[in-house]
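These notebook entries record what I looked up in one structure.

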Amino acid sequence: MNPELLEQLGPQLGPNGLPYSIPIHPNLVHITLGLFIIGIAFDFAGAFFPLEKSILKMLSLTAVRSNFFDVGWYNVLASAIVTFFTVAAGFYEIMLATPEPGVKSAWGLEAMPTMLLHGVGGVFLLAIIVGMAVWRGFQRFAWRKDMGRQVQWSYLLAGVAVLGIMFVHGTLGAQLAAEFGVHITADELLRTGQDPNLLLK
């Protein structure tokens, strides 16, 4: 949290502690997650296409292997771009956070270490996702452009590892909202002694 920013924006802050009604960061997080997961999933589908081909034919579904890789590439690229905005919104909203004091998360952490880990983790994930997009770009346009399987197995395994990191990182973010009440309107109102049932009609 940033006391100077809180003081400066004080009159503009709504009941959720933000100058707008719905937090932006969680929505962008889901876009980042969706794009990256789809990107890796479609690259897996393209990599295993020879095994799926007979099933797709049996279902009368016409599919071209390169189309799976197109979806994989464009989704990972879009994920890398969107994540810059996701991290920026996250830092802005974390500076305006006033978490519930004296509370520990299910992982035994207080609010400040949780916010610190979530913030540092966000920058770390941004670097990883951009790195994955660059790696994917080299495979698509240079290293494997003439090959049937456009992605390396090591890239797919790295993608699965990134999904695991995203899970841990996302759990920290969920704890900030669910356990510390960060930017949750009802929690913020209850903390200030106001009745959400009366104010949120």
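Is Arg 140 buried or exposed? I find that Arg 140 counts as buried, at 14% relative accessibility; buried means under 20% relative accessible area, exposed over 50%, and partly exposed in between, with a 1.4 Å probe and protein chains only.

I note that this is a predicted model, in which local features need pLDDT of at least 70 and side-chain atom pairs count only at pLDDT 80 or more, while totals for chains, interfaces and linings use all residues. Residues are numbered from 1 along each chain as its sequence is written, and side-chain values use heavy atoms, with hydrogens and water left out.

Entry: salt bridges.
I looked up the salt bridges (a side-chain nitrogen of Lys or Arg within 4 Å of a carboxyl oxygen of Asp or Glu) and found two in the structure. Arg 140 pairs with Asp 70, with 3.0 Å between the closest N and O atoms. Arg 140 belongs to helix H5 and Asp 70 to helix H4, so this pair ties together parts that are 70 residues apart in sequence. Helices here are DSSP runs (H or I, at least four residues), numbered from the N terminus. Asp 70 is partly exposed, at 24% relative accessible area.

I then turned to Asp 43 and Arg 136, whose side chains form a salt bridge at 2.8 Å, N to O. Because Asp 43 lies in helix H2 and Arg 136 in helix H5, the pair ties together parts 93 residues apart in sequence. Asp 43 is buried, with a relative accessible area of 0%, and Arg 136 is buried, also with 0%.

Entry: largest pocket.
I recorded a volume of about 710 Å³ for the largest pocket. A pocket is an open set of points on a 1 Å grid over the protein atoms alone, where a 1.4 Å probe fits, with protein on both sides within 12 Å along at least five of seven lines; lining residues have an atom within 4 Å of a point. The lining holds 31 residues, and His 25, Pro 26, Val 29, His 118 and Gly 173 lie nearest the centre. Helices H2 (24-47), H4 (65-95), H5 (111-143) and H6 (153-178) each supply at least two lining residues; H6 gives the most, with nine.

Entry: exposed side chain.
I checked Met 58, which is in helix H3 (residues 49-58). Met 58 is exposed, with a relative accessible area of 66%.

Methods:
Grid points are joined across faces, edges and corners, and a volume is the space filled by probe spheres set on the points.
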